[in-house]
Amino acid sequence: MVIVKRKQLTLGERLYLPEIVRGLSITVRKMFAKRATRQYPEEPLVTTAVTRGQPRLAMNPDQTLRCVSCGMCEAACPAYAITIDAHEVEREIEREPEHFEIDMLRCILCGFCEEACPKEAIWMSDELELADYTRASLVYKLDRLVRPVSQLQGRIDYIEEINRRWNN
Amino acid sequence: MTVLLATLLKVLVIFGCLISAAGISTLAERKISAWIQLRRGPNRVGPFGLLQPLADGIKFMFKEEFVPPGKSRFLFILAPALAAVPAMMSVAVIPFTGRIAEIDGTPILGSVADLDMGAIFIMAVSGLGVYGIILGGWASNSKYPLLGGLRAAAQMISYELSMILIILAIVAMSGTLNLREIADAQNDHTLLGFLPAWNVFLQPLAFVLFVICTFAETNRHPFDFAECESELVGGFHTEYSSMKFALFFIGEYCAMIVMACLTTTLFLGGASVPFWAEAPWFIGLGSFVFKAAAFMFLFIWVRWSLPRFRYDQLMALGWKVFLPLAITNIFITGLVLAL
Ligand code: SF4
Ligand code: SF4
């Protein structure tokens with residue numbers, strides 16, 4: 001059996017008014033406390049290398065893609081968001097994606113593609129905003145996926161650091 | 001003729017100000033609640049969100065009107081008007097300031113109607129507001145609104161009684177029912193040489209009781225049993241939509257404003273400015289608005305600080321605490337006056 005001990009209220013507490021005044025003083029102090037709200041579009045989110053935003057394809061400084069269309073990311077993707085069509089090229093790597101699509105509406109930003117890629121070609125960028133009027137326009141093609149390596153460097157360094165820690 | 005025109009002008013100005021003040025109060029309510037909860041509140045419409053009430057009004061107009069089938073359509077539509085009109089009417093006797101001007105020997109006073117029984121008028125008329133709520137609850141043909149309406153009625157009756165008894169004590173002290181004279185009576189001398197002789201200092205118990213009664217009277221938190229969301233969905237206005245819903249709210253805020261003005265008049269010396277007996281009328285008006293606004297702030301502040309009472313606690317408080325205290329207060333006042 002549970003016996004709940006009722007706390008004996010003091011006269012001040014039973015009068016209720018002093019307690020009301022105490023409560024009111026708390027709320028009025030909160031009125032001048034620091035706001036927790038961020039004014040989103042004007043104050044953008046703070047992103048760091050840890051931020052796992054939308055996946056992007058890295059482009060070398062000589063304007064070539066790193067991706068060799070191996071399909072590892074396509075296979076790793078749990079949301080079936082990636083679709084790749086390969087074609088052959090004259091470069092050393094011989095293959096390149098002809099079409100590379102990521103359906104951003106399907107992508108769950110899990111980062112498996114980044115982990116799976118053997119060529120360090122796909123990275124989770126710090127881009128987070130996703131809004132448009134049609135579903136079709138949110139299926140990103142190559143032209144909207146490719147980013148110069150320099151833009152993704154922060155993330156690349158961070159992942160390398162993590163990997164080094166794991167491998168030692 | 002000019003006197004008539006001046007009165008007409010006063011009616012228009014005071015009515016306009018009341019409605020705008022109700023709008024501003026809704027914004028203040030949202031802003032202050034946000035500040036208390038560490039949010040920012042509406043700040044997208046106009047600078048600091050100042051045009052928000054306007055946007056809300058337009059939104060209300062374009063909302064779909066829905067009338068639930070079953071009960072009388074006429075009563076359903078009548079109810080919001082009945083809730084809003086008394087609150088707007090009772091503002092007529094509030095003396096916002098002293099004498100403004102004199103035309104042909106007739107003084108133009110700071111109230112629309114300088115009634116000799118202003119205190120009774122205001123209690124009678126503002127008490128009518130509850131009919132709108134009961135009617136709205138009944139005509140909605142739904143159980144929650146009905147319960148809300150009944151609660152509002154029971155609550156009004158319980159607290160109106162104490163309220164009138166408290167006012168009686170004030171009336172006994174100033175010897176008049178005219179609100180302007182009650183306000184003036186507080187300004188003709190000082191207490192202990194420095195305090196203005198406002199009733200809040202002469203009758204502190206009555207003041208506290210009266211302020212709490214105004215909360216119950218206007219169905220405000222922590223006594224908002226008529227609409228108590230956690231138990232009754234939305235209470236009496238559950239079935240209302242669009243402008244009819246808005247009208248209930250305008251009525252509620254007007255009632256709050258009237259009660260704030262009434263408290264100012266009865267307890268804070270109305271339009272007087274401490275230590276400046278000969279203040280011109282516009283200074284007095286400013287002082288009045290300032291005091292009333294402070295009470296409006298109190299209304300909002302309390303709403304966002306306290307939890308709601310339980311219904312039986314409300315009734316027990318009204319009948320077992322407030323009524324005896326109010327009666328005691330009258331007796332003490334009578335004794336002191338007789339001595
Ligand atoms: S982040 Fe995850 S869901 Fe998105 S494309 Fe990569 S593997 Fe697929
Ligand atoms: S895993 Fe890397 S290299 Fe392979 S297809 Fe995906 S992005 Fe290209």
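Hi everyone. Buried residues make up 33% of the 168 residues in chain A. I start with that number as a way into the fold, and please keep in mind that what you see here is a predicted model.

So how is chain A put together? Its secondary structure comes to six helices and six strands. If you read from the N terminus, the order of the elements is α-α-β-α-β-β-α-β-β-α-β-α. The radius of gyration of this chain is 27 Å, well over the 15 Å that the globule rule gives for 168 residues, so chain A is more spread out than a compact globule. Its C-alpha atoms fill a box of roughly 90 × 45 × 30 Å along the principal axes.

Now let's turn to the ligands. Ligand 1 has 13 residues around it, and the ones that come nearest are C77(A), C107(A), C110(A), G111(A) and C113(A). By class, that shell holds 12 nonpolar residues, one polar residue and no charged residues.

Which residues are around ligand 2? Here the list includes the run C67(A), V68(A), S69(A), C70(A), G71(A), M72(A) and C73(A). I84(A), C117(A), P118(A), K119(A) and I122(A) are also part of the shell. Sorted by class, the shell of ligand 2 has nine nonpolar, two polar and one charged residue.

Two backbone spots in chain A are worth a look. As background, most residues other than glycine have a negative phi. L109(A) is not a glycine, and yet its phi is positive, about 55°. You will find L109(A) in the loop between β3 (95–103) and α4 (112–116). With 27% relative accessibility, L109(A) counts as partly exposed. E120(A) sits in the loop between α4 and β4 (122–124) of chain A. Its relative accessible area is 36%, which puts E120(A) in the partly exposed class.

On to salt bridges. How many does the structure hold over all chains? The count is 13. Let me walk you through a few of them.

In chain A, E19(A) pairs with R22(A), and their closest N and O atoms are 3.2 Å apart. Both partners lie in helix α2 (residues 17–31), three residues apart, or about one turn of the helix. E19(A) is partly exposed at 29% relative accessibility, while R22(A) counts as exposed at 52%.

Chain B gives us another kind of pair. The side chains of E29(B) and R303(B) meet in a salt bridge of 3.4 Å, N to O. This pair links distant parts of the chain, with E29(B) in helix α1 and R303(B) in helix α11, 274 residues apart. Is E29(B) buried or exposed? At 4% relative accessibility, E29(B) counts as buried. Back in chain A, there is also a network, in which salt bridges that share partners join R56(A), E127(A) and R147(A).

Q155(B) is placed in helix α5 (residues 143–174). Q155(B) has 0% relative accessibility and counts as buried. What is the separation between the C-alpha atoms of Q155(B) and F225(B)? It is 8.3 Å, for two residues that are 70 residues apart along the chain.

L268(B) tells a related story from a loop, the one between α10 (242–267) and α11 (281–303). With a relative accessible area of 15%, L268(B) is buried. Its C-alpha atom is separated by 7.7 Å from that of K291(B), 23 residues apart along the chain.

Last stop, the surface. M1(B), L4(B), L5(B) and L8(B) form a nonpolar patch there, with about 490 Å² of accessible area together. Of these, L5(B) lies in helix α1 (residues 2–36) of chain B. L5(B) is partly exposed, at a relative accessible area of 49%.

Notes
Residues numbered from 1 in each chain as written. Chains lettered and ligands numbered in written order. Predicted model: local features only at pLDDT ≥ 70, side-chain atom pairs only at ≥ 80, totals over all residues. Heavy atoms only, no water. Near = heavy atom within 4 Å. Nonpolar A, V, L, I, M, F, W, Y, C, P; charged D, E, K, R; others polar. Patch = residues over 30% accessible without salt bridge, like charges linked within 9 Å, V, L, I, M, F, W, Y side chains within 5 Å. Areas by Shrake-Rupley, 256 points an atom, 1.4 Å probe, with all protein chains shown as cover. Salt bridge = Lys/Arg side-chain N within 4 Å of Asp/Glu carboxyl O. Helix = DSSP H or I, 4+ residues; strand = E, 2+ residues; numbered from the N terminus. Buried < 20%, exposed > 50% of the residue type's maximum accessible area, 1.4 Å probe, protein only. Rg over C-alpha atoms; globule rule 2.2 N^0.38 Å.
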